[in-house]
Amino acid sequence: MRYVDEFRDGEVAQGIARAIAAEARPERRYNFMEFCGGHTHAISRYGVPDLLPENVRMIHGPGCPVCVLPIGRIDLAIRLALTHGVVLCTYADTLRVPASGGLSLMRARSRGGDIRMVYAVTDALKIARENPHKQVVFFAIGFETTTPPTAVAIRQACAEGLGNFSVLCCHVLTPPAIMSILESPEVRTLGSVPLDGFIGPAHVSTIIGSRPYAFFAEEYRKPVVIAGFEPLDVMQAILMLTRQVNAGRAEVENEFTRAVTPDGNAKAQALVAGVFELRRSFEWRGLGEVPYSALKIRAAYAEFDAEKRFELDYTPVSDNKACECGAILRGVKRPTDCKLFGTVCTPETPMGSCMVSSEGACAAHYTYGRHKESEAAR
Amino acid sequence: MSGTVKPGYARPLDLKHGRVEMSHGGGGRAMAQLIAELFTRHLGNEYLAQGNDGAVLPPAGGRLVVGTDCHVVSPLFFPGGDIGSLAVHGTVNDVAVMGAAPLYLTAGFILEEGFPLADLARIVGSMAEAANRAGVRLVAGDTKVVEQGKGDGLFITTTGVGALPAGLTLSGDLARPGDAVLISGTIGDHGMAIMSRRENLAFDAPILSDSAALNGLTAAMLATGAELRLMRDPTRGGLAATLNEIAHQSGVGIHLDEAAIPVKPEVEAACELLGLDPLNIANEGKLVAVCAESDAERLVAAMRAHPLGRAAARIGRVVEDGRHFVQMQTRFGGRRMVDWLAGEQLPRIC
Ligand code: SF4
């Protein structure tokens, strides 16, 4: 049997689905948030909600790196390309995120910006080596998983004396974002976001381990189950969360033992700590300013910090008023609550970041799940 | 030593180290030489030999189908083919899936100054071979050269003409609720062959493009006399785009069964690695057919009997749906939409 199929077996899924249905008590509701965009995508792509009983509901969380990038950050990247004339290297997903003035990196490219799509930071290093007379900037986004490769690239550039390479660092951290959600008035006091537990990230946890989540379980009494990105992992995690809720437990459990340990990857952590340090505060789309929630490049590597090299000032820009991405990223609203969903805002003409990345809640729902709405309406 | 040179001698094209020069598109002697020594040598036939501005063709006796296709694939050479064979297959298939027998092709070449003549010869040779195999003749062509940096090596546009049998009409708007949806083989091979080459992905077994001329297969399918509504070749945008087009054109919905859709394990693995969905990946040697439910089995059997349809399968059915949605029962047991892909996931794939 092929490796990927083992984790997508329909019969096993039906078995877990029956177990969840047997476990879930009809008199109560279960609301679980999957933090990660990878889980959001898997849930939508494999039709996981179809296998859940009506009273078990998944809420999409903010763990989509492209979605949480605020407009101001995209503006910085555009400014680098158009005003400073650098070669800006970026992942495909960020190209279409709407920025200020009707621009996006894609549109900036058609206005003459040298913006190149790369698959990895190593591609950007290569471009820098091949174009010694141009400034090459890597637009670094992502959670803890993508941070170690950026650290390696910066050290590599330093070792090679690659003076024309720098990084626009927008790496963010998972635990502070979960904390920000748990501290939000909707969860704490208003109760408008009922939250009974979290599915913890897969790849992020391979780096940071399962320990950082213990605080949420103990302090906020929310169970956390760390799960892989395969749909069966997600189903299993939902079953484990349901059991914890029924038993009145709030613990960190690890469904993804094939890759995640309590302490994570110490080597990667040390590497990251050597190159990056915490930012005092960072603006997230949807969550606003979150203290100590992102990384910046250490002074020792300042020459590879694009913000320093090009003396960039960050200016926050507010989102399109009608776009509900912010509320969706906090779990307060669903994509279909947005008036623009599916009409003005589609993956072809995204108005907000959640409609851009396939991990975004709006894009996932539009691409994989919108048959359900009109069925309900009919 | 000029005495030893024969009168009227012209130095032949240097097909080993030579490169395309601006004069090769200039309309002068250099261009005539390029055409004679490279294009005519490989592609020559009685129609090209007429040597006029246009080819005079015999009457075809019936309705004609014409299709045209531009090719900008990068890299020009990929596992399982090159831009030359692709330019023949792409257009032959456009004509063939309309139910017509492809007869003639024309080709336009846009060459970039500096392009190696050796590569050009290889590509034209591969075009000739592909055309021979498909049984079509290249009857007219044109070549232009653009300055270095203004093209990317080579672009080819081909136009194909085919003869449509009397009484046959296949069209994207003919799918009806209850009809069966068939595919002629594994999906995503061409796109992933290109991607794995571009991304330098090393797999145990290299992924080969499925680039092939489908007119033999379509002829075998038509010969069954099955009630065919339409055929399409799912190129750019993959199976997902083709099925959405059909659903919209016919004003119907389509329900797919993921478990029935053939995908090679290596293609699936590569898609997994790059975060892509095989449903969105281009094919260059596959066709989708919609036929009356009662003829589905017979048609699949005929497809499987042909070398290019060995993995043919019935993958879904047409349903009534005013929203024209394509939906899929996942192998996992859930149901989801299958949508057009937004944006450009894989540029320059064909
Ligand atoms: S549908 Fe578009 S505008 Fe509405 S919340 Fe989602 S991304 Fe924003």
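A polar contact is a pair of N or O atoms within 3.5 Å; within protein, one of the two must be able to donate a hydrogen and the other to accept it. In this predicted model, seven residue pairs are in polar contact between chain A and chain B, both residues of each pair being at pLDDT 80 or more. The interface also holds two salt bridges. One salt bridge joins the side chains of R45(A) and D277(B), with 3.9 Å from N to O. In all, 34 residues of chain A touch 26 residues of chain B. The two chains bury an area of about 2,400 Å² between them, and carbon and sulfur atoms give 50% of that area.

Turning to the ligand, its place is in the largest cavity. Around the ligand lie the cysteines C323(A), C325(A), C338(A), C345(A) and C362(A), together with E324(A), I328(A), L340(A), F341(A), M351(A), G352(A) and M355(A). By residue class, this shell comprises ten nonpolar residues, one polar residue and one charged residue.

Key:
Residues numbered from 1 in each chain as written. Chains lettered and ligands numbered in written order. Predicted model: local features only at pLDDT ≥ 70, side-chain atom pairs only at ≥ 80, totals over all residues. Heavy atoms only, no water. Near = heavy atom within 4 Å. 1 Å grid on protein atoms, 1.4 Å probe; cavity = no way out; pocket = protein on both sides within 12 Å on 5 of 7 lines; lining within 4 Å. Sits in = over half its atoms within 2 Å of the grid points. Nonpolar A, V, L, I, M, F, W, Y, C, P; charged D, E, K, R; others polar. Contact = heavy atoms within 4.5 Å. Buried area = accessible area lost by both parts, 1.4 Å probe. Salt bridge = Lys/Arg side-chain N within 4 Å of Asp/Glu carboxyl O. Polar contact = N/O pair within 3.5 Å; in protein donor to acceptor, adjacent residues only side chain to side chain.
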